[in-house]
Amino acid sequence: MKFAAVTSCPTGIAHSQMAAENLAQTATDLGHEIDVEVQGAMGQENELSSEAVADADAIIIAADTSVSRDRFVDKPVVKAPVKDAVNDAEGLIDRAIEATDGEMSAETAAATREPSETAGAPDSDATDDGDSTAASKRGGDPSKGLFARLKRLLS
């Protein structure tokens with residue numbers, strides 16, 4: 001599959017870069033293609049071309065700031081905090097794959113994955129399984145964690 005992604009954090013110094021790097025590496029490791037735009041302190045880096053957006057099967061937005069979705073009309077969009085791309089890029093890619101296969105719109109799919117929305121559905125087996133799966137992935141690989149990445153970045 002082919003993805004396009006945008007990463008952005010409020011400061012735009014380290015987390016945006018780490019998220020972009022992790023998404024790119026994880027997508028490559030899983031056999032996917034990805035173009036990643038970084039919105040940071042220095043503006044936009046590797047700005048997504050209109051061709052990259054058009055060719056993408058899904059869009060991943062890993063951001064703690066406002067990112068315009070105007071370019072992504074008619075594309076499945078998965079939105080998550082930037083820390084998810086730093087700590088669990090594979091989970092974000094899995095969500096993007098699910099969004100392309102689902103029959104519901106990208107906005108509906110993103111809304112159903114929000115914790116505040118799923119908390120109100122205690123009798124849903126899918127929600128319970130999703131929560132336990134997400135909890136088991138939170139620990140992740142320590143070598144891909146924030147501290148390990150910062151250590152590599154600063155050494």
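Two strands pair if DSSP finds at least two bridges between them. Helices (H or I, at least four residues) and strands (E, at least two) are DSSP runs, numbered from the N terminus. The model is predicted: local features need pLDDT of at least 70, side-chain atom pairs count only at pLDDT 80 or more, and totals for chains, interfaces and linings use all residues. Residues are numbered from 1 along each chain as its sequence is written, and side-chain values use heavy atoms, with hydrogens and water left out.

View 1. Strand E4 covers residues 58–63. Strand E1 (residues 2–8) runs parallel to E4, and six bridges join the two. In this pairing, Phe3 has Ala58 of E4 as its bridge partner. E4 is also joined to strand E5 (residues 77–80) by four bridges, and these strands run parallel too. Here the bridge partner of Ile59 is Val77 in E5.

**View 2. The two faces of strand E4.** Buried means under 20% relative accessible area, exposed means over 50%, and partly exposed lies in between (1.4 Å probe, protein chains only). Six of the six residues of E4 are buried. One side of the strand carries Ala58, Ile60 and Ala62, and the other carries Ile59, Ile61 and Ala63; both faces are covered.

**View 3. Ser8 in strand E1.** Ser8 lies in strand E1. Ser8 counts as buried because its relative accessibility is 4%. Contact means heavy atoms within 4.5 Å. Apart from neighbours within four places in sequence, the residues in contact with Ser8 include Ser16, Gln39, Ala62, Ala63 and Val67. A polar contact is a pair of N or O atoms within 3.5 Å; within protein, one must be able to donate a hydrogen and the other to accept it, and residues adjacent in sequence count only if both atoms are side-chain atoms. The side chains of Ser8 and Thr65 make a polar contact of 2.5 Å. A polar atom of the Ser8 side chain also lies 3.3 Å from the backbone oxygen of Gln39.

**View 4. Asp64 in the loop between E4 and E5.** Asp64 is placed in the loop between these two strands. Asp64 counts as partly exposed because its relative accessible area is 42%. Not counting residues up to four places away in sequence, Asp64 touches Ser8, Cys9, Pro10, Pro81 and Val82. The Asp64 side chain reaches the backbone nitrogen of Val82 at 3.3 Å. Asp64 and Thr7 are 57 residues apart in sequence, while their C-alpha atoms are 8.5 Å apart in space.

View 5. Asn46 lies in the loop between strand E3 (43–45) and helix H2 (50–55). Asn46 is not a glycine, yet its phi is positive, at about 55 degrees. With 59% relative accessibility, Asn46 counts as exposed. Asp74 lies in the loop between E4 and E5. Asp74 is likewise a residue other than glycine, and its phi is near 70 degrees. Asp74 counts as exposed, at 77% relative accessibility.

**View 6. Helix H4, residues 89–101.** The expected span of a helix is 1.5 Å times one less than its number of residues. The 13 residues of H4 should therefore span 18 Å, and the end C-alpha atoms are 19 Å apart, which agrees. Buried residues in H4 include Ala89, Gly91, Leu92 and Ile93. Arg95, Ala96 and Ala99 of H4 are buried as well.
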